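Thanks for making the time this morning.

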Amino acid sequence: MTTITWNISQLDCLPQAPEGADYVICCHWQCTGVDGAYTGQVYSTTSFAVVEGTSFTPYADLTQAQVLGWIWDNGVDKTATEAAVEGQIETQKNPPIVAPPLPWAV
């Protein structure tokens with residue numbers, strides 16, 4: 001069984017925006033899967049537009065769950081990403097192409 005973990009590794013911010021300091025405009029994220037000795041990972045970034053007048057959460061009050069919600073609301077398909085990670089692991093378990101030893105070198 002594959003264990004899937006989502007992680008935010010970096011937030012890029014405008015130092016000052018109309019809504020406040022450290023306004024997040026880009027999120028660096030990873031979706032990692034582990035199944036025994038096999039691992040798969042998707043790394044990407046998601047950009048966010050500066051939208052004046054919306055509710056603003058101060059940088060220090062952001063949570064990983066909140067930011068993950070933003071990436072999923074801004075075009076990252078959670079189900080498809082997790083399926084891609086599981087596909088990487090399945091390919092490691094059952095490679096579609098193999099390179100057996102040369103028959104004359106055995």
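Let me begin with terms: helices (H or I, at least four residues) and strands (E, at least two) are DSSP runs, numbered from the N terminus. What you see is a predicted model, in which local features need pLDDT of at least 70 and side-chain atom pairs count only at pLDDT 80 or more, while totals for chains, interfaces and linings use all residues. Residues are numbered from 1 along each chain as its sequence is written, and side-chain values use heavy atoms, with hydrogens and water left out.

The sheet is open and antiparallel, with three strands in the order β1-β2-β3, where two strands count as paired if DSSP finds at least two bridges between them. At its edges lie β1 (3-17) and β3 (38-47), each of which pairs on one side only, and the twist averages 15° from one strand to the next.

Strand β2 (residues 20-35) pairs with β3 over ten bridges, with His28 opposite Thr45 and Val34 opposite Thr39. This second hairpin also has two residues between its strands, and Gly36 in the turn has a positive phi of about 65°.

Turning to the helices, α1 (residues 64-73) lies across β1, β2 and β3 and runs at about 90° to β1, whereas α2 (residues 78-93) lies across β1, β2 and β3 at about 150° to β3.

Note on methods. Axes fitted to C-alpha atoms, helices over the stretch in contact; angles between N-to-C directions. Contact = heavy atoms within 4.5 Å.
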